[in-house]
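Hi,

Here is the structure I said I would pass on. Have a look at it first, and then read my notes below.

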Amino acid sequence: MDARQKSVSNPAQPSFAELFTPKLVTVLREGYGLPQFRADLIAGLTVAIVALPLSMAIAIASGVGPERGLFTAIVGGFLVSLLGGSRFQIGGPAGAFIVLVAATVERNGVDGLILATMMSGVFLVATGYLRLGTYIKFIPYPVTVGFTAGIAVIIFSSQLHDLFGLTLAGKEPGELLPRLRALGEAAGTVNAAAVAVAVLTIGIIAGLKRWRPGWPGFLIAVAVASLAVAVFGLPAETIGTRFGGIPRMLPEPALPHFTTEKVLAVLPDAIAFTLLGAIESLLSAVVADGMTGRRHRSNCELVAQGFANMGAALFGGICVTGTIARTATNVRAGAHGPVSGMLHALFLLAFMLVAAPLASYIPLAALAGVLAVVAWNMIEKPAVAALLRSSVGDALVLVVTFGLVIFRDLTTGIVVGFALGALLFINRMAKAIAVEAHVPMAEEDVADTANDERRAYDPATASDPDTVVYRISGAFFFGAASAVGAVLDRIGDHRQNLVLDCSAVPFLDSTAANVIEGAVRKAGREGLRVFVTGAAPQVRRMLMTHGVKPPHVRYKATIAGALAQIAAERSTPAG
């Protein structure tokens, strides 16, 4: 087992070309025919239907016109799939960027936003080529949960204006408390028609999610709301009344105007875009990996994100990143590879060319309802509850990050949350008595040829009846989660039983527990039986808090006990 772990953690050094070869090339080398194209075509159309209203809603909430959201999804989404290191990633405008983009527009105008997006693209390309993407994995789990929840609260508060159709005396403030104060002062201007449209939109989305989850809820809700406003002549503001509609084609590409003063002015925004873009895109890629059992290459993905941001800026778009909800939709729709993401962009272009005049009738209250649902879904409610229960330290990191994102800004929340998490870890490590395992703190990217991806992707890969034992030694925390996770994601390779020996693990944090929970979930999909042996009471308590509990996993005191149980079950006749 030690030799296997060493070979996984320290593969032969791949070449530069192998590390940065797009996943599209990998998929085509596997063999790509009509069945694969048909699967990608259906998935691409499904994602495009979801992305159409979302792209416009995110752009409007960011303080720019709805057409810029479409430009971003079309150009950026195509380049992310064409050049990326994840075979399922869908790129486009993301709700997480609304706060930063709106603040940039307020300070530096749309021209400053486009320049900052272009600069962010350059920074992301440099980050990828310098192979710094590996270190993004050091962001602790409570920090990502905290800043995502904080962004969701800010997004929701930014939609109250359109949800209630309020008429403000002046410009809507960007900060949360002044914004709520201004909205409260305008409470007497509530538009009943706007409220009805918003409630109708949210109700349709929620109803379809429960009773018809396979239907495109966002698009259907916006279409029904638009039809209701047009048929009944409701006095609700629309895209046409505020923006005059959207164009029917992409604009001509043009470099943003820049001067030294302008570059220096938007530099902090470009850095913030880079940091959040890297975190968000790699987090989305990890989600896709967990759903499919495949592995992305983080540095190649960052290079693609960089070129996508530069491409979007050339066409007047806003920030591009990997989008978790659309990526998950892509996987669930049966995508085979990056072609689905490229087709999603082309479908959006076709929608814009054909149906642009109809967009003028979309009520802003309906798009606000869509973003209200997006904000609610962004908050990882089970993760928040688990972190608040797991330990005082993790709860503190979560709460501090959440509070700073809401009342200060996103960058401060991430930096302070990370620093606080590091300090708490140092304190925990000082109290832990253990020998450190000889594994890298974060795994380096490997080439596809060394990544066991020569065979075609098949989500129904079967396992031979066999048993594998993994012994985890040393403190298992967020810094080591990537290395251990890289070993655990091979659990479906010709195995039927998995034994995780934690007898030498003195400490395990929420990030590590989340990694094991993902491995157990994947094992369940592969039909593996999972045993955890030798777990100390505090380790077992953390695992149980994060869902690693019966019937998905069985706990034994020793490896021998787990092996004996496996042998007994194998010898017992079925029935």
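Among contacts in the protein between residues at least 6 apart in sequence, what share join residues at least 24 apart? The figure is 86%, where a contact means heavy atoms within 4.5 Å.

Before the rest, some housekeeping. This is a predicted model, so to speak of a local feature I needed pLDDT of at least 70, and side-chain atom pairs count only at pLDDT 80 or more, while totals for chains, interfaces and linings use all residues. Residues are numbered from 1 along each chain as its sequence is written, and side-chain values use heavy atoms, with hydrogens and water left out.

**Overall picture**

The protein has 23 helices and six strands. These are DSSP runs numbered from the N terminus, with helices being H or I of at least four residues and strands being E of at least two. Of its 575 residues, 53% are buried. Buried means under 20% relative accessible area, exposed means over 50%, and partly exposed is in between (1.4 Å probe, protein chains only). The protein exposes about 24200 Å², and carbon and sulfur atoms supply 66% of that; the areas come from the Shrake-Rupley method with a 1.4 Å probe, and for residues only the protein chains shown count as cover.

**The cores**

Nonpolar side chains tend to be buried together in soluble globular proteins. Here the largest nonpolar core has 73 residues, and the ones that touch the most other members are Phe147, Ile151, Phe218, Phe273, Leu371 and Leu410. Such a core is a set of buried Ala, Val, Leu, Ile, Met, Phe, Trp, Tyr and Cys residues joined through side-chain atoms within 4.5 Å. Helix α4 (residues 34-61) gives the most to this core, with 11 residues.

**Helix α3**

Which residues of helix α3 (residues 23-30) are buried? They are Lys23, Leu24, Thr26, Val27 and Glu30. Seen down the axis of α3, these buried residues fall within an arc of 160°, so they line one face of the helix; the arc is that of the directions from the helix axis to the C-beta atoms. Their cover includes α5 (66-83) and α15 (339-355). Just after α3 comes Gly31, with a positive phi of about 115°.

**Salt bridges**

Side chains of opposite charge can pair when their charged atoms come close. I count a salt bridge when a side-chain nitrogen of Lys or Arg is within 4 Å of a carboxyl oxygen of Asp or Glu, and the count by this rule comes to six.

Asp269 is buried, with a relative accessible area of 7%, whereas Arg107 is exposed at 53%.

Glu517 and Arg521 form another, with their closest N and O atoms 2.6 Å apart. Because they are four residues apart in helix α21 (residues 510-526), about one helical turn separates them. Arg242 and Glu237 make a salt bridge at 2.9 Å between the closest N and O atoms; Arg242 is partly exposed at 32% relative accessibility, and so is Glu237, at 38%.

- Ser390 sits in helix α17 (residues 381-390) and is buried at 19% relative accessible area. Its side chain reaches the backbone oxygen of Leu387 at 3.0 Å. Not counting residues up to four places away in sequence, Ser390 touches Met542, Thr545 and His546.
- The peptide bond from Pro550 to Pro551 is cis, with omega near 5°. Pro551 is in the loop between α22 (537-545) and β6 (554-556).
- Arg131 is not a glycine, yet has a positive phi of about 60°. Arg131 lies in the loop between α6 (98-129) and α7 (141-163) and counts as partly exposed, at 24% relative accessibility.

Cheers

Key. A polar contact is a pair of N or O atoms within 3.5 Å; within protein, one must be able to donate a hydrogen and the other to accept it, and residues adjacent in sequence count only if both atoms are side-chain atoms.
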